[in-house]
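Reader: I am new to this structure and would like a short walk through it. Could we begin with the terms?

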Amino acid sequence: MVLWAAGLGGGDLADWPLERRDRALLETRRALLGERLALAVPCEGCDAELEIDLSVSDLLAGLPVPSGAPVQAAGHEIALRPLTSVDLAAMVAAPEDTAADVIRARLAGPVPEAARAAVDAEIERRAGAAELKVRLSCPDCGADWAEPLDLPGLVWTEIEAAARRLLEEVADLARAFGWSEPQVLALSPARRAAYLSLARAA
Ligand SMILES: [Zn+2]
């Protein structure tokens, strides 16, 4: 949805390999809202709220490079398709005792019985590696953990907030100067900010 809104959509984002999806989300986020990403995360060990400041470039540099190598097991060579959001959703939706069969069938098709355990272990490893995490430690209690980032949710929330801010600015300027929305949006960001401080000081 975010990528579609940014004009980058090509097919359904949920069908993209996770690493490719995350890379595109981060690049879109940087293009629209800049390099610094501030977050508040509750500590795992105490009630403190950690304010963290991340660099989008660092997150991009830390994205895993997916392994496309087939799994060798019990004399078989089994190719695995890259994981997507749709695969993860299907796994979560399946009853717990069939989740492994569901995801294996989606990624590898039919797998000989003897090779299943090795294939399942590799799928689990790849799913873990694809999850974007940041290392955090709490100055209050010393807790140290890897916090998973829900990148689609995070970027969407930020872009929604930025859109809401822009709408409020347009409304304030239209009211203060009697301008239409296209007139306000035609202003450069610097001029919009200057008029906005005039309007809000009045
Ligand atoms: Zn703590």
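Author: A residue is buried if 20 or more other C-beta atoms, placed from the backbone, lie within 10 Å of its own, exposed if 12 or fewer, and partly exposed in between. This is a predicted model, in which local features need pLDDT of at least 70, side-chain atom pairs count only at pLDDT 80 or more, and totals for chains, interfaces and linings use all residues. Residues are numbered from 1 along each chain as its sequence is written.

Reader: Which class does Ala74 fall into?

Author: Ala74 counts as partly exposed, because it has 14 C-beta neighbours inside 10 Å.

Reader: And where is Ala74?

Author: Ala74 sits in the loop between strand E3 (71-73) and strand E4 (76-78); strands (E, at least two residues) and helices (H or I, at least four) are DSSP runs, numbered from the N terminus. Ala74 is not a glycine, yet has a positive phi of about 50°. Most residues other than glycine have a negative phi.

Reader: Turning to E1 and E2, in which sense do they pair?

Author: Strand E1 (residues 36-42) pairs with E2 in the antiparallel sense over seven bridges; pairing requires at least two DSSP bridges between two strands. E1 and E2 form a hairpin, with six residues between them. Leu37 has Leu54 in E2 as its bridge partner.
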